[in-house]
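Please look at the structure first.

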Amino acid sequence: MESFNHISNFISTKASEIEETFDLGDLTVKYGLQSFRYGTSDYLEELFQTLTLTDNTVFYDLGSGYGRVILYGAYHFPKVQFKGIEIIEERNDVCDQLIGELKLKNIKTYCTDFFEVDINDGDIFYIFNPLHEAMYEKLLEKLKSVASKKNITIVAESKCDVFDKTEWLSNYKTIDYDIDIRKKVKFYRSVI
Ligand SMILES: C[S@@+](CC[C@H](N)C(=O)[O-])C[C@H]1O[C@@H](n2cnc3c(N)ncnc32)[C@H](O)[C@@H]1O
C-alpha cells in the first residue's frame, strides 16, 4: 500500500462487505447490549493537525472499528503509540491484518469491551459515538479517573453534548461538519 488513500480504500471495501453480513440480534447475543453502529472520521488530517503529539504520547481510539483513525496516526506519526479497542471481532481483524501487512510497530489493538481495559497510560482519547446515551456517565467516570493523575485530551466526534456538559473538561477547538450542523469534532482538555 503506497499511501494512506490505498489503506483507506481497502478499509472502505472491507467495511461494506462485512457490514452487510451483520445481524443486530446475533451481535447482541454475542456481545451484549452495545451500540454497534459504524461510522468513521472525514477529518483525519485536521484532527491530527490540531493535536500536540510527542514521542511519549499514547493515543486511544475507544471503539476503534476497522482502525482507520489509529492506522492513519500510526502511519504518519511513527514515534507515537496508538491503541484501539473494538468489541466486534470482524472489524478489529481488518485492522490487525493491516498492522501486519504494513509492519507497523507503534499500534496495538484489543478486541474487547473498552470498559474492561486499563487505559491509564492514555494521553489522548478519540471517541466517535460508540455508546448508547445511558452509558456515557460510566465512560466519563473512567476517563476522569485517568485525568485525576495527569492532563488528558479528549476528541469527541458526532456525539459531543455529553462532553460539553462535563465540568472537568474544557473545549478548546471545534470542527463543524459542513452539511449536518449537529455533527462536530470537538477537542477538550481536562481541567482537574
Ligand atoms: C461509530 S464507530 C467508530 C469507529 C472508529 N472510531 C472510527 O472512527 O473509524 C464506534 C465503534 O465502537 C464500537 N464499540 C461500541 N461499544 C464498544 C465497547 N463497549 N467497547 C469496544 N468497542 C465498542 C462499535 O462496535 C463501533 O465499531
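Helix H4 (68-76) and strand S4 (124-128) each supply at least two residues of the lining of the largest pocket. Helices (H or I, at least four residues) and strands (E, at least two) are DSSP runs, numbered from the N terminus. This is a predicted model: local features need pLDDT of at least 70, side-chain atom pairs count only at pLDDT 80 or more, and totals for chains, interfaces and linings use all residues. Residues are numbered from 1 along each chain as its sequence is written, and side-chain values use heavy atoms, without hydrogens and water.

**Largest pocket**
- The volume of the largest pocket is about 520 Å³.
- A pocket is an open set of points on a 1 Å grid over the protein atoms alone, where a 1.4 Å probe fits, with protein on both sides within 12 Å along at least five of seven lines; lining residues have an atom within 4 Å of a point.
- Its lining has 32 residues, and Arg37, Tyr38, Gly39, Phe128 and Asn129 lie nearest the centre.
- That lining divides into 13 nonpolar, eleven polar and eight charged residues.

**Second largest pocket**
- This pocket holds about 190 Å³ of space.
- Its lining includes Thr52, Asp123, Asn151, Tyr172 and Arg189.
- Three nonpolar, five polar and two charged residues make up the lining.

**Annotated region**
- The unreviewed UniProt entry carries the annotation "domain: DOT1" over residues 41-123; such annotations may be inferred rather than shown by experiment.
- Residues 41-123 are 36% helix and 17% strand, with end C-alpha atoms 20 Å apart.

Methods: Points joined across faces, edges and corners; volume = space filled by probe spheres on them. Nonpolar A, V, L, I, M, F, W, Y, C, P; charged D, E, K, R; others polar.
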